[in-house]
Protein chains: 2
Amino acid sequence: MPRTHAKLPRLFVTGDLGAGATLTFGKDQANYLGNVLRKRDGDELVLFNGCDGAWLARLDGVTRKSASVTLIEQIAAQPPRTDLWYGFAPLKSARLDYMVQKATEMGVSALQPVMTEHTQVSRFNLERARANVIEATEQCEVLQVPEVLPETSLAQLLDNWDAAHGDRRLVLADEAAPSASPVEDLAQLRGQRIGLLIGPEGGFSPRERTDLLAKPFAIPISLGPRILRADTAAVAALAVIQSIIGDWR
Amino acid sequence: MPRTHAKLPRLFVTGDLGAGATLTFGKDQANYLGNVLRKRDGDELVLFNGCDGAWLARLDGVTRKSASVTLIEQIAAQPPRTDLWYGFAPLKSARLDYMVQKATEMGVSALQPVMTEHTQVSRFNLERARANVIEATEQCEVLQVPEVLPETSLAQLLDNWDAAHGDRRLVLADEAAPSASPVEDLAQLRGQRIGLLIGPEGGFSPRERTDLLAKPFAIPISLGPRILRADTAAVAALAVIQSIIGDWR
């Protein structure tokens, strides 16, 4: 699987990227480049900012306190923006980090933490999740950096759905989905704007499930005959969505 | 998502299960039941052995050194045996545990560690993987306990494929797959015996990839426009396989 520049370190930056531009990094990024990656003047790296594609850049001033790079050329165009909203009940720390990284790899455009009755954490660490998103984009060559939204409650989410999301349909995994085939259920949503909601370990409460299924925008799908943990269900549902109606076609 | 007996602890056991039978556990399991789960005489649990479905059982003799249970009734029949072979290059420890657990949840029937040029571990811990499989079956109510096979090399695997696997087709994720649609590629395999091979972080070496793609039984599929980490690719590929030609239908 040959990929140009695949071995160069990739760094997310804020600010515009264009030919000949020079960027200056502060202490943290200089430390990362110089001491962690052991990069020196003249070494190459790849920069992206979520809008301007991927750029080859060359380090030309690494000190302990700052580093500067000069942009050489664009090596990948910014891909067309995808629109796949992803809501999830936060899990405990390691599994949550994983869940956020995996959703980024799978190409979601927004991550929305949703507090539910069985959610096992009381507070969502937004900064940590944003750092996990950036790490996943850097490691997995993802150029569209998904937004991480502040936490909301399931009740608020459902009450505000129409105002915030218009005609977006909300896919949810449900063991009692009318059809056993997620492929058939999803194929009927082709061309529509999609969201996916993954509940906590232990699932939605009976009341939450009733509320969810009563919404006209809710689309329950089956994820097979076995129980899946929440983080597995997330990757599995995203894979089926991307392959049937998303950008894996 | 109401599930009968979903809150009872589940325990994998060896040996036959049948109405009225009594089982005696040794020190480790007695300790787990008595001290970790804090179960007492009269408490119920669910037992399974990978062949006889799930059985409701009642504890009737918990001491520090042993515990005995009496089987009450079968609460779930053994599901039809699935046949989905899963080969994977072992990852480093936490990600490997995760990969083994997830494959079990996703319903593979056998796990085959495959050493490749870029594989980052030199030895596969078979006992640890088996323990992870058991843990996943207990947590996720999986009744078919997949087999974990001793490690092999990619070269051996390919040389022995026909003798060991007959007409089984081997699906592999490949960025340069002829079609961008895994759905179409997999739909053509309906009714055939399937294996999935997931390479290491960094992928197969160019030589390995050439060898793989030259095999008539190899079926390269695309997993979308983004790079996926190996553990993500595993869950994603299994989800698409199960939904298109597996038991999610």
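**Interface and cavities of chains A and B**

Student: Which residues line the second largest cavity?
Tutor: The second largest cavity is lined by A:Gln101, A:Glu105, A:Glu135, A:Ala136, A:Gln139, A:Cys140, B:Arg95 and B:Arg229. A cavity is a set of points on a 1 Å grid over the protein atoms alone where a 1.4 Å probe fits but cannot get out, and lining residues have an atom within 4 Å of a point. This is a predicted model, with local features needing pLDDT of at least 70 and side-chain atom pairs pLDDT 80 or more, while totals for chains, interfaces and linings use all residues. Residues are numbered from 1 along each chain, chains are lettered from A in the order written, and side-chain values use heavy atoms, without hydrogens and water.

Student: Which helix gives the largest share of that lining?
Tutor: Helix 3 of chain A, with four residues; helices are DSSP runs (H or I, at least four residues), numbered from the N terminus.

Student: What is the volume of the largest cavity?
Tutor: About 40 Å³, the space filled by probe spheres set on grid points joined across faces, edges and corners. Helix 3 of chain B gives the most to its lining, with four residues.

Student: Switching to the interface: how many salt bridges between chain B and chain A?
Tutor: Four, each a side-chain nitrogen of Lys or Arg within 4 Å of a carboxyl oxygen of Asp or Glu. One of them joins B:Asp231 and A:Lys102, with the closest N and O atoms 3.0 Å apart.

Student: Which helix of chain B gives the most to the side that touches chain A?
Tutor: Helix 7 of chain B, with nine residues.

Definitions and conventions:
Helix = DSSP H or I, 4+ residues; strand = E, 2+ residues; numbered from the N terminus. 1 Å grid on protein atoms, 1.4 Å probe; cavity = no way out; pocket = protein on both sides within 12 Å on 5 of 7 lines; lining within 4 Å.
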